[in-house]
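These are my notebook entries on a structure that I had not examined before. I set down what I looked up, entry by entry.

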Amino acid sequence: MADKTLDARGLTCPLPILKAKKAIGELPVGGTLEVLATDPGAREDFQAFCRTTGHALIEESEADGVLTVILRRSR
């Protein structure tokens, strides 16, 4: 279970990433953020986000067109 959930369903790039950046910044280091997204490019966007920010992508799954990613704040 994540510390916080961000529902970004229905939003298109770059909004899911921008909202996730803000939300993860509100968590303490080590905190986890669950993001729900329906944007077709969200999987690649979140992978790139983690590579560039240093946050960890803990888990990703997709069901019924909804991508769920769990991110851990690293700094």
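Entry 1: I note at the outset that the model is predicted. I began with helix α1 and looked up the face that is turned away from its buried side; the exposed residues Lys21 and Lys22 are carried there.

**Entry 2: the buried side of α1.** I then listed the buried residues of this helix, which spans residues 15-25: Pro16, Ile17, Ala20, Ala23 and Ile24. Viewed down the axis of α1, these buried residues fall within an arc of 130°, and they therefore line one face of the helix. I recalled the general rule: an α-helix has 3.6 residues a turn, so residues three or four places apart point the same way.

**Entry 3: the cover.** What covers the buried residues of α1? I found that the cover includes β1 (4-8), β2 (32-37), α2 (42-53) and β4 (66-72). As for direction, α1 lies across β1, β2 and β4 and runs at about 165° to β1. I looked up α2 as well: this helix packs on the sheet, where it touches β2, β3 and β4, and its direction makes about 175° with that of β3.

**Entry 4: the sheet.** In which order do the strands of the sheet lie? I recorded an open sheet of 4 strands, ordered β1-β2-β4-β3, with mixed pairing. β1 and β3 are the edge strands, each pairing on one side only. From one strand to the next, the twist averages 15°.

**Entry 5: strand β4.** I turned to β4 and found 6 of its 7 residues buried, so that I describe the strand as mostly covered. β4 pairs with β2 in the antiparallel sense over 6 bridges. Opposite Val69 of β4 I located Val35, and opposite Thr68 of β4 I located Leu36. β4 also pairs with β3 (residues 56-63), again antiparallel, over 7 bridges; here Thr68 is the bridge partner of Ser61. β3 and β4 form a hairpin with 2 residues between them, and Asp64 in its turn has a positive phi of about 55°.

**Entry 6: a histidine in a loop.** I placed His55 in the loop between α2 and β3. Is His55 buried or exposed? Its relative accessible area is 11%, which is under the 20% cut-off, and it therefore counts as buried. Leaving aside residues up to four places away in sequence, I listed its contacts as Ile24, Phe49, Cys50, Arg72, Arg73, Ser74 and Arg75. A polar atom of the His55 side chain lies 3.1 Å from the backbone nitrogen of Ser74.

Methods: Residues are numbered from 1 along each chain as its sequence is written. This is a predicted model: local features need pLDDT of at least 70, side-chain atom pairs count only at pLDDT 80 or more; totals for chains, interfaces and linings use all residues. Side-chain values use heavy atoms; hydrogens and water are left out. Buried means under 20% relative accessible area, exposed over 50%, partly exposed in between (1.4 Å probe, protein chains only). The arc is that of the directions from the helix axis to the C-beta atoms. Contact means heavy atoms within 4.5 Å. Two strands pair if DSSP finds at least two bridges between them. A polar contact is a pair of N or O atoms within 3.5 Å; within protein, one must be able to donate a hydrogen and the other to accept it, and residues adjacent in sequence count only if both atoms are side-chain atoms. Axes are lines fitted to C-alpha atoms, for helices over the stretch in contact, and angles run from 0 to 180 degrees between N-to-C directions.
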